[in-house]
Structure formats: C-alpha cells, structure tokens
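I opened this model to go through a few local features one by one. The entries below are in the order in which I looked them up.

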Amino acid sequence: MDLESGVFQNQVKKESWKTVLTLAYQSLGVVYGDLSTSPLYVYKSTFSEDIEHTNTNEEIYGVMSLIFWTLTLVPLLKYVFIVLRADDNGEGGTFALYSLLCRHAKVNPLPSRQLADEDLSSYTKDIKSPAPSTFGGRLKSTIEKYRVLQRFLLVLALLGACMVIGDGILSPAISVFSAVSGVEVAMKKEHHQYVELPVVCIILIALFTLQHYGTHRVGFLFAPIVITWLLCIASIGLYNIVHWNPHVYRALSPYYIYIFLKKTQKQGWMSLGGILLCITGSEAMFADLGHFSQLSIQIAFTSFVYPSLVLAYLGQAAYLSQHHEMQNDYHIGFYVSVPETLRWPVLVIAVLAAVVGSQAIITGTFSIIKQCSALGCFPRVKIVHTSSKIHGQIYIPEVNWILMVLCLAVTVGFRDTGRLGNASGLAVITVMLVTTCLMSLVIVLCWHRSVLLAISFVFFFGAIEALYFSASLVKFLEGAWVPIVISFFFMMVMSAWHYGALKTYEFDVQNKVSVDWLLELGPGLGIVRVRGIGLIHTELVSGIPAIFSHFVTNLPAFHQVLIFLCVKSVPVPHVAHKERFLVGHIGPREYRIYRCVVRYGYRDARTDGPQFEDDLVCSVAEFIRTGERKADPTDEEMVVVGTPSTHPNGVQFREESGSNHEIMEAREEGVPRAKKRVRFVIPESPKIEVGVRDELRELMEAREAGVAYILGHSYVRAQQGSSFVKKMVINYGYDFLRRNFRAPTYALSVPHASTLEVGMVYNI
C-alpha cells in the first residue's frame, strides 16, 4: 500500500473552479461537522443556569446578537480571512504555526538537526529573514538567543495540542448527547431518562469501536449528511422566522448586547460560556487545511455554512421570543423549535450529523498526537493508515481506547449538556487563544508586517477570546475542571517524554565514538566480518554510537556491510521523496560502512518492512555509483539520494532477471544457487569504475545474505546526585512510558529472527 501517494496532491491543486468547488463540497463533510451541530446545544447551555428567558425578550435578543457577532468575528473574520493564510506548506493547525515560527526564527525543536535539513525545498520555501534593524529582526535574534523563550513557544504549542485532545474527548460526548436529547420532547420524563443515556453510550462505543475501519468506506456520505443537516436547520430557522417573529433580525444589532449585559450583569457574563459553544469546530477549518485549499474552505463557509447557522440561530430566537412559558424539562433546547411533525426525522439527521462531526474530531485528535510524536513530544504509538488514497486518515489504537473510556466517563458522570458544554467550551477557547498568540508572532516574523498590526490582532481577538475564557473558567466546579485535568495529565506525559528523550540523545552525543577509533581498527575492524548487512539503528546523525563499540567489545564479529541508520523527523509537514535519504561513507570505502539518515515530515506516513529495506539498499547503491571519493576519511559529508522511484535512470533493485540494461548479479561462478537472487539494474552510461563495481557487488552479496537489525535497548537512570524531581521524572515517569509504549516504528514489522538488541545503561 502506497501510504504517501496522495501526500503532495494538495500542493499541486489546480485553481480551476471545478476543482475548487469539488474541494468545497468535500470540506463540508470533514471540516464543518462539529460547527454545524452547535445549534443543538448553544441556547440550552446558555439558559441552563445563569439567566432566565423573560417576556421582554431582552435576554433572547442579547444572546442572539452575541452569537451572531461571535460567529462573524471569530470563524469568519479571524479564521477564514486571516489565519488560513498562515499555512505551513499547505498544512494548518497549532503545530503548523509552531513549525513555521521555528524555521523562520531558525529554532529547531529537534535535537538531531543538521544543516542539510535547511536545504530541503519545503524548509526554505518563502523564508525571508527580516532586517536586523526592524522589530521583527530584533525579536528573531532574541528568540534564537534565549532558550527560555524557545521552551515557552514549545509549551504554548503543547498546551494547544493538549486542549485539542481534551476537545476530542468532550465534543463527541456533547454532540451525540445533544442530538439524542431530542427524545425528551417526544417522550415522557419518566421514560426518556432511561433511554437517553444508554443510547448515547451505545452510539459512542460504536463510534470508537469502528475507528480502525477508517472513514474512507463511508466518507462519501459525510458531505451529503452535513449538507442535509445544514439545509434542514436553515429551512426550519427560516420557517420559524416567517411564522413566529419576522422582526427578529433586529437582534443582529450590537445594541442588544449592551442591553443584555446591562440587565443581566454578572449572570450575563457567566452565560458567555454557553454562547461560546456556537464556534466549536472553528479551529478545524485551519487544522484540516492540508486536505483542501484556502479558497475551497472560504467558499464553503461564507456561501453555505455561515448563512445556514445564522438562519438556524435566528429561527430559534424567533420561536423563543414568542414562547416564554415553557416546561422546565425542555431547557429551551433545539427540538422545541422544530415543528412537531418533523421532530423524529430531524432527530435521525441530527444523530448522523453528530456522528460525522465526532468522527472528524477524533481523526483530528489522532493527527495532532501523530505530529507531537513526530516532533519528539509524545511517546511512540502505533499509527495505522486506514486509507491509501486519503492522506491523514489514521488510527491510533492505544489513543482510541483511552479517548473512548474518558468520553464515556464524562458522559455518564455529567449526564447534562450544561456541564459538558462548560468543559468543552474551555478546551475550545484555550486552543483559540494559543492560535491568536502564535499568529501574532507569525505576523511579525513570517509576514514581516508592522508590530502594531500584530498588537492590534492580539488585542482585538485576544480580548474577545479572553472574555469568553474568563466566563468558562469561572465554571470550574460546574465541569470546566475536566479539560484542565485532562490537559495537565497529557502535558505531564509530553513533558516527561520530551525531557527524557532529549537527555537520552545528549548522552548518546557525549558518549559517541570518534571515526579515528574506527580508522585505527583497519578495514577488518579487528573483528570477523560475516556475510550480510548489519543495520544499526541510532538517533545520532554524526559519529558512531556507543552501542557499536559495546557490541564489538563483547562479540568480535560483525557483518560485511554496516549501515548506521537514523530515522528522524524534521520540522516541516512533508519531505519530498527525492530528498528522503541522506547517504554517506563512514571511513574509507574499503571499510564498507555507511550512514543513512531517513527524513520524514511531521505529517508524512512512515514506511517499514521489506519495501523500506529495498529502498534503503537501493539508495546506498545509487550513492556508491554516483558518489565521489573523499580525500579525508574522517569527513562525513553526506549526499541527498531520493527513493528509487525518484531516480528511474539510476540503480534499480530487482529480485528476478529480465532487463535490457546491464545487470550485476550477486554471485560468482561455482557458488551454489541461493533461493533468492538479488540484482541491481545499472544504467548503461556513464561507465562505472572497477572499484565501484566491486563495492556494488559486495553490497548485493550482503543483501542476498540478509539484513540483521541491531537495536539499542537502553536502561535510563538518573545519575547519582540528581535532584528528586529529575529522579522521579527519569526513573519512574520516562521509564514507565518507554516500557509501556511502542518500540520505534521501523522495527514493528522486523522478524524477531533478524533482530538483535544491545543493552546499555544510560546514567543521565
């Protein structure tokens, strides 16, 4: 399965109207599921505790005005027209902003950085350093100088990621709960309370259980479901406006916000936590940018989603303005404004729309965790790509079950959309505040605009979001504590893992073996060289890892070809296939020792198994064919070599004969025939030297003999004299995560018979 066949398709989008409109249609099912279901619970959460619906209609008009202007200023103005422009090579989201800032400020969050990484086409794209005399230039140098500022940026990005995970737990709960709550209108109280919660739990369990199948099989239904739902609520809203209160449009005036806050005062301010829910899902427009285009998302929102939501909210306000004496059991919910004959069909559509919205949120949570893991900020997890065509459709088993348990726990624990709304609202507004802070830096460092523009952006949107944040935070005991606890837990996990991984890498760097030690051993390395390829995994991008010397000291035998393999991430979303491999010699050619650095972006699909082995060996063969001899054997200069698909005129790997090109075979006359024949197809020109031919033949013989994976298994302990906190983090936190999460992803499909682990104790 080609996991990356569709990765770069988004970057080559044709700007034809047909393509744009097709993408806009598809975005409705992926991006707007959560945002479109917010009318189910906004009014209910707003009027649940803090304010009452009186005959003057000042409360309902004030709430409607707040909803309209919040929808206009945050999703429409901030995200659609400003934030969408801050893409990272077509990708969006909190980590995309962080990655963009890191590259412009030349701050690499990964320890295994190389100067060669800055030569990547996606790394240097559109990067222009601001003049040193400008505020942007001074800010850039300040960030590069002080590590505390770099750590602050990382913590800010991690905070946004943790709140996205919290939203992935809370939003499915409140969306499905609100959709199913329609049964309370059609059933008696003593009946619906025994039906509502079990049905919600069954839907949530089914939703998480079916995640491993992916959405590509039913994904074509997502857009029609959301379109049907938006048309449904817009039509009902228009009906309610015409039938109940044609003058409700007056509520769009900001004057009613002033009247509302003046009358309700503290209670009105506290009710903002419910109004905030009208913009849940807005961040998805930016986070899912990589699947679509800026123009398609802008068209879908401005021409269809935004008008439909405004009509839906206006329709509810029109109905409520003429209905003041309501049974308390209904809590001014969405379904009371639906005509009685349509309630059951609308209930079915609402449940389907809630499931679609929840699916998009869960997939987005998987995506943000994958990005965190790629940048070394989350323990290794198993990532399953559920679609070979749709980039970004992934499934993480461990995370999925954790999300399901927590989602069911908050659903059963709260059993109320009011407290679920308080919890969800705080998670949503925190992510938006993080985006606002990072965007202000992007305006100065990346766009090179005036600092006054950045300050204006922060003060305008930050003030709105801070107001909602304060209203959500004050509901701490009424549910807002949940996202704080969830974020704190995941932040501790991420911090412990990042700190431990960083200290482990520093230990590797400090204890690496120099190339001079290798040269002193001679071509035979002072040990027996056996047939085959020894693939030594290391986090180092230079030098020889300590596990190698540790191994040969205890077992003086090694393979005839050694490849030091480093699989690492770089702070860009995607790395082109032609720039995937960095290959170089370690020591003279006759030593047959190579270093290969395999680079992935934080949104790339990593491949392993036999195909990865073939690509790796073929890339080393292409390096041997085209590489130049080094004058200094201690020089570890590396060459960019793409995957075999990117150099069709270079060396190609074959296991069977049948080519018109010159074919080199990995056997001599008189050698018994092996079960598996390995061949390289060599271009006819230019002619290669005898030494290069011998080196290629030896590589083929080694590949035919097989590949052995030598993995370092480190036991990490805090060194003597370390502080109590460091001992707790390293000896217990980091050690627990290493033992209970996955091994490096490349080793998951390696046969156990081909794996050799070398144990070492790391005192850090």
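I began with Phe-461, which counts as buried at 4% relative accessibility. Buried here means under 20% relative accessible area, exposed means over 50%, and partly exposed is in between, with a 1.4 Å probe and protein chains only. Phe-460 is partly exposed, with a relative accessible area of 40%.

Note on the source: this is a predicted model, in which local features need pLDDT of at least 70 and side-chain atom pairs count only at pLDDT 80 or more, while totals for chains, interfaces and linings use all residues. Residues are numbered from 1 along each chain as its sequence is written, and side-chain values use heavy atoms, with hydrogens and water left out.

Phe-460 and Phe-461 form an edge-to-face aromatic pair, with 5.0 Å centre to centre and 85° between the planes. The rule I used pairs rings of Phe, Tyr and Trp (its six-membered ring) if their centres lie within 6.5 Å; planes under 30 degrees apart are stacked, over 60 edge-to-face, and the rest tilted. I get 18 aromatic pairs by this rule. Tyr-32, Phe-301 and Tyr-306 form one aromatic cluster.

I found the charged end of Arg-85 over the ring of Trp-447, 4.8 Å from its centre. The criterion is NZ of Lys or CZ of Arg within 6 Å of the ring centre and within 35 degrees of the ring normal.

Which residues touch the most other members of the largest nonpolar core? I noted Tyr-32, Tyr-43, Ile-67, Phe-301 and Tyr-313, out of 165 residues in that core. Helix α8 (residues 147-180) gives the largest share of this core, 18 residues. Apart from this core lies another, of 30 residues, among them Val-493, Leu-562, Phe-564 and Tyr-762. A core here is a set of buried Ala, Val, Leu, Ile, Met, Phe, Trp, Tyr and Cys residues joined through side-chain atoms within 4.5 Å. Helices (H or I, at least four residues) and strands (E, at least two) are DSSP runs, numbered from the N terminus.

I looked up Ser-65 in helix α4 (residues 58-81); Ser-65 counts as buried, at 0% relative accessibility. Leaving aside neighbours within four places in sequence, I list Ala-251, Leu-252, Ser-253, Pro-254, Tyr-256 and Ile-257 as contacts of Ser-65, contact meaning heavy atoms within 4.5 Å. Ser-65 and Ile-257 are 192 residues apart in sequence, but 6.1 Å apart in space, C-alpha to C-alpha.

Thr-417 is in helix α19 (residues 417-445) and is buried, with a relative accessible area of 2%. Not counting residues up to four places away in sequence, Thr-417 touches Lys-44, Ser-45, Ile-174, Phe-177 and Ser-178.

I traced an open sheet of 7 strands with mixed pairing, in the order β7-β5-β6-β4-β3-β11-β12. β7 (639-641) and β12 (755-763) stand at the edges with a single partner strand each, so one side of each has no neighbour in the sheet. Neighbouring strands of this sheet are turned by 30° against each other on average, direction ignored.

Strand β11 (residues 707-717) and β12 run parallel and are joined by 9 bridges; two strands pair if DSSP finds at least two bridges between them. Ile-710 stands opposite Leu-756 in β12, and Tyr-715 has Val-761 in β12 as bridge partner. β3 and β11 also pair in the parallel sense, over 4 bridges, and Ile-533 stands opposite Val-707 in β11.

What is phi of Gln-265? I read a value near 55°, positive in a residue other than glycine. Gln-265 is in the loop between α12 (255-264) and α13 (266-270) and counts as exposed, at 55% relative accessibility. His-448 also has a positive phi, of about 55°, although it is not a glycine. His-448 lies in the loop between α19 and α20 (451-473) and is partly exposed, with a relative accessible area of 35%. For context, most residues other than glycine have a negative phi.

Technical notes. Axes are lines fitted to C-alpha atoms, for helices over the stretch in contact, and angles run from 0 to 180 degrees between N-to-C directions.
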